[in-house]
Amino acid sequence: MLHIGCHLSSTKGFLAMGKTALSIGADTFQFFTRNPRGGKAKAVDAEDARALRELCAEHSFAPLLAHAPYTMNPCAAEEHLIDFARMVMEGDLAMLECVPGNMYNFHPGSHVKQGSEVGIAKIAAMLNEVLYKEMHTTVLLETMAGKGSEVGRSFEELAAILDKVQLNEKMGVCLDTCHVFDGGYDIVNDLEGVLEQFDRIVGLSKLRAIHINDSKNPLGSHKDRHACIGEGNIGLAALSAVTNHPQLRLLPFYLETPNELDGYAKEIALLRGLYKENTC
Ligand code: FE
Ligand code: FE
Ligand code: ZN
């Protein structure tokens with residue numbers, strides 16, 4: 001079965017998201033841990049978290065994906081911004097222990113003129129402070145489109161961060177189809193080649209989640225504008241080749257397309273319809 005969900009609003013709490021996911025044919029979902037522009041984390045309602053855990057178990061959900069706020073920049077130039085990023089990630093990882101066994105995705109950050117090498121070192125340094133042996137969440141670096149001074153625009157940059165993290169077994173990568181396409185990886189004409197590169201540089205065993213988005217812009221545009229499935233420059237055929245690829249098909253997929261719930265329901269049904277169940 002295709003494991004697929006979409007980004008959901010977290011304002012009504014954990015259980016509400018689980019029920020919404022079920023109502024649109026999803027068996028997982030992504031949510032912001034707090035306001036995407038930053039802000040305080042809400043106190044966790046233990047009963048609400050327990051109810052979601054039950055719902056996920058009952059309906060065999062794939063791992064959930066928590067998304068860090070965009071304002072978190074672990075490789076900022078200013079020390080107080082790095083302190084803020086550390087505080088956010090520490091708080092989020094503590095909160096996620098209420099729903100153990102899931103994943104936490106973050107944008108590696110922007111090096112803002114310090115150069116990517118400095119950026120990579122700062123990101124790894126923060127991860128080394130924040131990750132701990134007993135945690136039950138896998139932390140994912142998201143592949144970025146490479147706008148501005150974004151770190152994580154190439155597989156090499158992601159690998160360089162991972163190489164410096166001591167608790168490497170707690171880490172993985174979330175591949176965003178819009179971002180890699182905008183970043184210059186031609187998943188339309190050469191998915192095989194892109195995955196070979198990923199495997200050689202990062203290792204496919206590190207790939208834990210996929211953001212399945214079309215792109216409003218052409219290959220290599222470094223823009224990061226998501227389009228609905230089949231309405232962008234990647235196209236339905238290429239996106240369905242991603243969900244069906246032998247080395248990707250068992251991963252969880254998360255839509256971040258510009259949709260309301262009914263649009264998400266349609267895209268989930270569309271991709272499920274094109275998913276070839278394994279007969280062997
Ligand atoms: Fe993201
Ligand atoms: Fe994404
Ligand atoms: Zn994006």
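Trainee: How far apart are the zinc ion (ligand 3) and the iron ion (ligand 1)?

Mentor: They are 5.3 Å apart. Keep in mind that this is a predicted model, where local features need pLDDT of at least 70 and side-chain atom pairs count only at pLDDT 80 or more, while totals for chains, interfaces and linings use all residues. Residues are numbered from 1 along each chain as its sequence is written, chains are lettered from A and ligands numbered from 1 in the order written, and side-chain values use heavy atoms, with hydrogens and water left out.

Trainee: Which protein donors does the zinc ion (ligand 3) have?

Mentor: His-179 (NE2), Asp-224 (OD) and His-226 (NE2), at 1.9 to 2.3 Å. Donors here are N, O and S atoms within 2.8 Å of the metal (3.2 Å for Na, K and Ca); water is not among the atoms, so sites may look incomplete.

Trainee: And what spacing do those donors follow along the chain?

Mentor: The pattern is H-x44-D-x1-H.

Trainee: Is His-179 buried or exposed?

Mentor: His-179 is buried, at 2% relative accessible area. His-226 is buried too, at 18%. Buried is under 20%, exposed over 50%, and partly exposed in between (1.4 Å probe, protein chains only).

Trainee: New topic: which residues of H5 meet H7?

Mentor: Phe-155, Glu-156 and Ala-159 in H5 meet Val-194, Gln-197, Phe-198 and Ile-201 in H7. Contact means heavy atoms within 4.5 Å, and helices are DSSP runs (H or I, at least four residues), numbered from the N terminus.

Terms used
Helices (H or I, at least four residues) and strands (E, at least two) are DSSP runs, numbered from the N terminus.
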